[in-house]
Amino acid sequence: NNKSILKTQLSMMRSLGMKDITIVRGFGKEQVSPHNTTLIDNDHYETTCNLYSLNQAKDHIKNETIISFGDIIFKDFVLKELLNHSGDCVIVVDSDSVKGNGTKEFIEASEKDERFKVLQKPMLKQIQRNLDKDKRYGEFIGLMKVNKKGSHLLINLLKKLEKSPDFKTYHIYDILNKMSKELVVEIIYI
């Protein structure tokens, strides 16, 4: 539709009533300046991973917050389902994506996606890039939501992790693994 992925995401979010939108910019930041958003720059993008970028925006994580990678495509019904979910922390997982090497963030869950099972309540067991093939139930797509309890835990963990000398190498999946030890991280399969 001749719109960038980010513009498509912003349009979808705004159509669903989301107004307080914060974007963490890295590479090519001059090209990313949408109106009516808060912009935060990660000038260390070449030497940091995505958890560092999320940490740059931690002051904007309040109560119910959607966190999305800026380079993913998803349908509006996925975002609607995520917004309507009542879990403390909820991640979106593509259950068809189980193949690949060390660049995908594979999840192991309490149960596999069963398309015709209506009352499924899968929970995250672990998320890793090098997860054994027999434990892969899908790939975290880079879209999640935290509610008040989840955002409080997320911020507290960020504050602890940022003190680590290795913090710049951490990914969002690292904090999701830590969160799953303290609360239920629920899954929406797509």
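Which residues are buried in helix H3 (residues 76-84)? In this predicted model, the buried residues of H3 are Val78, Leu79 and Leu82. They lie on the same side of the helix, because the arc they cover around the axis is only 95 degrees. An α-helix has 3.6 residues a turn, so residues three or four places apart point the same way. Phe77 and Asn84, on the other side of H3, are exposed. The cover over the buried residues of H3 includes one helix, H1 (5-15), together with strands S3 (65-68), S4 (89-94), S7 (138-146) and S8 (185-189).

A second region concerns the packing of two helices. Two packed helices are described by the angle between their axes and the distance between the axes. For helix H4 (residues 148-161) and helix H5 (residues 172-180), the axes come within 10 Å and cross at roughly 120 degrees. H4 and H5 are therefore oblique to each other, since angles of 65 to 115 degrees count as roughly perpendicular and those over 145 as roughly antiparallel. The crossing of H4 past H5 is right-handed. On the H4 side, the contact is made by Gly150, Leu153, Leu154, Leu157, Leu158 and Leu161, which meet Ile175, Lys178 and Met179 of H5. Of the residues in this contact, seven are nonpolar, one is polar and one is charged.

Asparagine 55 belongs to helix H2 and touches Leu158, Glu162 and Phe167, leaving aside residues up to four places away in sequence. With a relative accessibility of 7%, asparagine 55 counts as buried, because the cut-off for a buried residue is under 20%.

Most residues other than glycine have a negative phi. Asparagine 36, however, has a positive phi, near 60 degrees. This residue is placed in the loop between strand S1 (22-25) and strand S2 (38-41). Its relative accessibility is 67%, so asparagine 36 counts as exposed. Asparagine 63 is likewise not a glycine and has a positive phi, of about 45 degrees. The loop that holds asparagine 63 runs between helix H2 (50-56) and S3. At 46% relative accessibility, asparagine 63 counts as partly exposed, because the exposed class begins over 50%.

How values were computed. Residues numbered from 1 in each chain as written. Predicted model: local features only at pLDDT ≥ 70, side-chain atom pairs only at ≥ 80, totals over all residues. Heavy atoms only, no water. Buried < 20%, exposed > 50% of the residue type's maximum accessible area, 1.4 Å probe, protein only. Helix = DSSP H or I, 4+ residues; strand = E, 2+ residues; numbered from the N terminus. Arc of directions from axis to C-beta. Contact = heavy atoms within 4.5 Å. Axes fitted to C-alpha atoms, helices over the stretch in contact; angles between N-to-C directions. Parallel < 35°, antiparallel > 145°, perpendicular 65-115°, else oblique. Left-handed = near helix turned anticlockwise from the far one by under 90°. Nonpolar A, V, L, I, M, F, W, Y, C, P; charged D, E, K, R; others polar.
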